[in-house]
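Open the model in your viewer and keep the selection panel at hand. We will go stop by stop.

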Amino acid sequence: MYRQGDVLVHPIDPAEVPAGLIPAGRDARGRLVLARGEATGHAHVVNGSGVTLWALPDQTEPSFLLIEGYGRLGHEEHGPIPLPAGAYRVVRQREYLPGAWRPVAD
Amino acid sequence: MTTETPSDHVDPGLRTPHSPEAAGPPDDRSAAALARTADTWLARGLATDPADRATAEAAVRQAYAGAGLATPETIIWLGSPYAGALAAALLTDTTSGAAGPGGFGAAGPGGPSPATSPPGGDPDKSPTGRALAEVTAAIRAQGHEPHRVVTGRSVRARLRTAPWAEARADAVTRLGPAGWAAHWAAGGQRTWHLLNERLVTPLRTRLTDELTREMPAPLVGRARTALLDVVFGQHDAAWLSAFDNDPRVAGLAGVADAAGWWWPYERVVIMTERPVRVERDNLGRLHHGDGPALVYPDGFGLHAWRGMPIPADVAAELPRLTVERIRAERNAEVRRVMLEHFGYDRYLRESKARAIHRDAYGVLWRIELPQDEPLVMVEVVNATPEPDGTSRTYWLRVPPQTRTARAGVAWTFGLTEQEYAPLVQT
């Protein structure tokens with residue numbers, strides 16, 4: 001598994017990728033964005049060959065990353081991470097609240 | 001450099017999670033174009049310029065004409081959605097169409113009756129009484145006597161709900177269910193999430209509280225109705241981004257690009273200004289530690305910490321907190337806000353917290369809180385150094401039963417201690 005700041009990219013068996021996902025689009029600059037910062041404008045972006053990003057239909061953030069060639073995870077404030085081919089779950093860091101939890105705003 | 005990766009070229013060895021139907025999902029180029037449109041709409045939704053009143057009023061007339069409605073006779077401007085909702089409550093009356101005996105304070109010809117006075121004595125000295133007097137004065141300054149204004153019924157359903165439903169049904173037919181889902185994901189979902197869920201919902205909650213807590217009885221019901229009859233103006237950007245250039249919503253879109261919340265009635269339109277300030281955190285939640293996160297030009301504001309609205313008196317206390325004050329706070333949510341504002345690191349230091357575990361993943365800290373579950377935090381050092389060579393340290397709260405630093409960090413990613421083992425960390 002690979003961690004870049006508040007994002008964890010966790011390898012999974014391709015059979016674990018659920019059906020019914022929708023493409024998690026590209027941002028206005030054509031980038032595949034795993035997570036973005038509204039206040040800073042910084043983003044965890046994946047580049048490479050044969051890379052697709054998918055979301056569960058009712059969620060804003062992408063949850064699954066498929067790489068058939070090679071991938072490279074980049075961010076303005078963190079070092080780049082090369083990603084080998086495979087299927088991944090994308091997990092955003094969270095913090096505990098009594099009785100609940102919420103995403104981390106780094 | 002961005003590599004083109006058409007979504008239909010996924011390795012057959014990986015299960016393709018999507019089977020396109022009808023027109024199918026947007027390709028990469030159109031997905032980026034939809035995202036650019038969504039960004040433009042998001043900027044409109046977050047705009048803090050003064051309303052462009054002439055443009056907004058022209059767009060209102062366009063919306064009325066498009067819905068087959070007569071042009072409204074009167075347009076009244078207020079400084080915030082709070083003032084707008086108060087004006088709507090003052091001017092509407094389900095029995096007579098105007099603020100009759102149920103009116104309040106300076107609005108009614110006879111002044112307040114004892115039965116309609118808010119708690120706390122003289123209504124004009126209460127915050128609600130003052131706000132009502134200001135709204136009444138603003139309406140008078142625009143040449144209207146509040147008790148003589150006849151608004152007619154709300155036309156929100158014809159003006160907003162119906163065109164939206166038509167545009168949506170049309171898009172679903174054109175794109176197919178899967179195509180629509182992908183179109184919405186690429187061009188609307190994020191704007192909706194950021195504007196509707198993170199901004200409008202807390203604002204509505206706050207307005208509901210403010211407008212029903214101290215309002216004299218006859219106005220409470222009308223204030224509630226006003227919050228259902230509102231059109232969100234710039235905050236309609238939440239859904240308009242997915243319907244860019246649809247002529248059926250052009251009037252609504254014109255108002256969204258020029259003004260804040262508004263109330264359309266058969267004969268009268270109440271319009272409001274945009275905020276002068278919107279402060280958000282990295283996840284887009286309303287968040288500000290030094291003053292309100294959302295501020296309107298008439299002074300109405302909403303204090304919020306990481307998306308949680310906080311009362312103004314608590315907000316005023318935040319800069320002067322002490323460990324003792326935080327410990328004495330009985331409301332758990334307020335205490336949480338206080339803790340975060342004070343800073344976990346400072347609280348740890350000043351309350352002489354115990355480090356209960358250290359490993360290669362960080363340090364686990366624990367502090368007992370009276371009449372509350374213990375505060376357990378993992379202290380982590382950022383893997384990538386800052387430009388000056390130092391490494392940023394941060395604290396995350398984890399469940400109280402956490403026993404090791406590694407288990408704490410693992411929990412923040414939804415994993416067990418054994419599962420969490422990053423190969424590379426930056």
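Start between domain 1 and domain 2 of chain B: the count of salt bridges there is zero. Bear in mind that this is a predicted model. Polar contacts do turn up, with three residue pairs found across the interface of domain 1 and domain 2 of chain B.

Now select the helices on the domain 1 side. Helix H3 (81–91) and helix H6 (189–213) of chain B each supply at least two residues of the side that touches domain 2 of chain B. H6(B) gives the largest share of that side, seven residues.

Zoom out to the whole interface. In chain B, 17 residues of domain 1 are in contact with 16 residues of domain 2. The two domains of chain B bury about 1,400 Å² between them, and 68% of it is on carbon and sulfur atoms. Which residues of domain 1 of chain B lose the most area to domain 2 of chain B? Select Leu46(B), Arg198(B) and Arg206(B): together they make up 33% of what the domain 1 side buries.

Next, select 353–425 of chain B, assigned as domain 3. Then color the sheet. Four strands of chain B form an open sheet in the order E9-E10-E11-E12, with antiparallel pairing. Strand E9 (354–359) and strand E12 (393–398) of chain B each have a single partner strand, so one side of each is left without a neighbour in the sheet. On average, neighbouring strands of this sheet are turned by 25 degrees against each other, direction ignored.

Step inside to E10 (362–367) and E11 (375–381) of chain B, joined by five bridges. Pick Arg366(B); its bridge partner in E11(B) is Val376(B).

Last stop: helix H14 (405–412) of chain B. This helix lies across E9, E10, E11 and E12 of chain B, running at about 80 degrees to E12(B).

How values were computed: Residues numbered from 1 in each chain as written. Chains lettered and ligands numbered in written order. Predicted model: local features only at pLDDT ≥ 70, side-chain atom pairs only at ≥ 80, totals over all residues. Heavy atoms only, no water. Pairing = 2+ DSSP bridges. Axes fitted to C-alpha atoms, helices over the stretch in contact; angles between N-to-C directions. Contact = heavy atoms within 4.5 Å. Domains from an automatic or database assignment. Buried area = accessible area lost by both parts, 1.4 Å probe. Salt bridge = Lys/Arg side-chain N within 4 Å of Asp/Glu carboxyl O. Polar contact = N/O pair within 3.5 Å; in protein donor to acceptor, adjacent residues only side chain to side chain.
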